[in-house]
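Subject: Two-chain model, handover and findings

Hello,

Here is the structure I promised to pass on. My notes on it follow below.

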Amino acid sequence: MNNNLPDEGTLSEDLMARVAKGDNYAFEALVKRHQGAVLNLIHRFIGYRARAEDLAQEVFIRVWQAAGRYKRTAKFSTWIYRITANLCLNELKSARRRKLLFLSSSGGKGENREDRYFEPGADREPSPEDLLLTAERNRQVSAALRSLPANQRLAVILKRYDDLSYREIAQILGCSVSAVDSLLVRAKRNLRKNLIPYEK
Amino acid sequence: MKCRNVQKRLPVYQDGELSSVEQDRIKSHLTDCPECSKQYKELQRVWDLLSDFPDIQPMPGFHLRLRKKISGLREHQFIPRLRQVFQLLPSPLATVTLALVGLVTGIYLGNVIFEEGLVFFQRRQPSYAQEHVSLASIRTFDAAPPGSLTHGYLRMASHSLEAHR
Ligand SMILES: [Zn+2]
């Protein structure tokens, strides 16, 4: 085991190779480096802090479990974003299933309706951060984001807050660059519709 | 360039993801066209509004809780390891084939060894034993076919009975 504290400049891909050999320091360094990006992507996607924190931990558990199988074909950051995005989409699916248990079948129309997230933790006490987030404008932005279909929402978050290229977003979402292009065109149109009226 | 086409491409222009020729063309159109310019400003305003969803920091103890979860997993790794062992087995078809080959080989070897045994039991009647072995091939469907475990047991039992007499 190579249990030395890794340098700041060590590539995440190299840290991952050390994690595969059971290096706890390398794992800790990886978590510290990527926890902010992972947590904020999930938080912006689902809107609930406590659940976001649980899911962020789940992402790192998967990283730890997959260390032995990790191949350096893609950038580590792309790989971990991909795990995070998949977890977000799974969370959406299971939340929808939970919702279906409680609600009689709604007469919802519209292609995107199914993609919309049933707010998880809506049955839970809001955390102090959740309360802060209810400051009017923050709430509107959060609601506008969550009103987007899942893939549009992921594309917007990865572009706006992580400043990724269309190519990287395509790799994360497992689609083509032109699909990302049209996702963002539609997402921006939807956001304008939802956010600009509040300005006046 | 037509305004309609410019406005369609504005979201991608904003991200700087058009070809450099297209980027330049739209840029110069925006300086001359108030309507498209207004649309673009609105798009930028929306993008700015999204900054009202600030970054959060992980709660204190994030890493500690993660470590606890992982060490909990390490303790419960026995079942996944068992599963790994089973994953090492070839496909179900290969496993079944392997099992069948094993069974047939076992029966064959059992027969050969047992026939040797027959000679040992019936050393005093060699001619009878030979005749018996040659008849074995047509007695496969007997209740206790020659060479089977049942047959062996019956023969052993009768042999020891004879010895007692
Ligand atoms: Zn114009």
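Helix 7 of chain A, residues 150–160, is mostly covered. Nine of its eleven residues are buried. The buried ones are A150(A), Q152(A), R153(A), L154(A), A155(A), V156(A), I157(A), L158(A) and K159(A). Bear in mind that this is a predicted model.

Helix 8 of chain A, residues 166–173, is also mostly covered. Here six of eight residues are buried. They are Y166(A), E168(A), I169(A), A170(A), I172(A) and L173(A). After helix 8 of chain A comes G174(A). The phi of G174(A) is positive, near 65°.

**The two chains overall**

Chain A has nine helices and zero strands. Its elements, read from the N terminus, run α-α-α-α-α-α-α-α-α. Chain A has 200 residues, and 48% of them count as buried. Take the contacts in chain A between residues at least 6 apart in sequence: 57% of these join residues at least 24 apart.

Chain B has eight helices and zero strands. From the N terminus on, the order is α-α-α-α-α-α-α-α. Chain B has 165 residues, of which 25% count as buried. Among its contacts with a separation of 6 or more, 45% come from residues 24 or more positions apart.

**Helix packing in chain A**

A packed pair of helices is described by the angle between the axes and the distance between them. Helix 2 (residues 24–46) of chain A and helix 3 (residues 49–66) of chain A have axes that come within 8 Å. These axes cross at roughly 140°. How are the two helices of chain A, helix 2 and helix 3, oriented to each other? Antiparallel starts over 145 degrees, and the crossing is at roughly 140°. Helix 2 of chain A and helix 3 of chain A are therefore oblique to each other. Their crossing is right-handed.

On the helix 2 side of chain A, the residues in contact are F27(A), L30(A), V31(A), H34(A), Q35(A), V38(A), L39(A), I42(A), H43(A) and I46(A). On the helix 3 side of chain A, they are R49(A), R51(A), A52(A), E53(A), L55(A), A56(A), V59(A), F60(A), V63(A) and W64(A). By class, this contact of helix 2 of chain A with helix 3 of chain A has 14 nonpolar, three polar and three charged residues.

E53(A) sits in helix 3 of chain A. Is E53(A) buried or exposed? E53(A) counts as buried, because its relative accessibility is 4% and the cut-off for buried is under 20%. Leaving out residues up to four places away in sequence, E53(A) touches L39(A), P58(B), M59(B), F62(B) and R65(B).

D54(A) is found in helix 3 of chain A as well. D54(A) is partly exposed, with a relative accessible area of 39%. D54(A) and L39(A) are 15 residues apart in sequence. From C-alpha to C-alpha, D54(A) and L39(A) are 9.2 Å apart in space.

**Helix packing in chain B**

Helix 1 (residues 3–14) of chain B packs with helix 2 (residues 20–32) of chain B at an angle of about 115°. The axes of these two helices are 10 Å apart. The crossing of helix 1 of chain B and helix 2 of chain B is left-handed. Helix 1 of chain B brings C3(B), V6(B), R9(B), L10(B), V12(B) and Y13(B) to the contact. Helix 2 of chain B brings E22(B), Q23(B), I26(B), K27(B), H29(B) and L30(B). The residues of this contact divide into seven nonpolar, two polar and three charged.

**Aromatic pairs**

How many aromatic pairs are there over all chains? The count comes to five. One of them joins Y70(A) and F76(A), with ring centres 6.0 Å apart and planes at 75°. That pair is edge-to-face, because the planes are at 75° and edge-to-face needs over 60 degrees. Y70(A) and F76(A) are both buried. Ring pairs also link Y70(A), F76(A) and W79(A) into a cluster.

Best wishes

Conventions. Residues numbered from 1 in each chain as written. Chains lettered and ligands numbered in written order. Predicted model: local features only at pLDDT ≥ 70, side-chain atom pairs only at ≥ 80, totals over all residues. Heavy atoms only, no water. Axes fitted to C-alpha atoms, helices over the stretch in contact; angles between N-to-C directions. Helix = DSSP H or I, 4+ residues; strand = E, 2+ residues; numbered from the N terminus. Parallel < 35°, antiparallel > 145°, perpendicular 65-115°, else oblique. Left-handed = near helix turned anticlockwise from the far one by under 90°. Contact = heavy atoms within 4.5 Å. Nonpolar A, V, L, I, M, F, W, Y, C, P; charged D, E, K, R; others polar. Phe/Tyr/Trp six-rings, centres within 6.5 Å; stacked < 30°, edge-to-face > 60°. Buried < 20%, exposed > 50% of the residue type's maximum accessible area, 1.4 Å probe, protein only.
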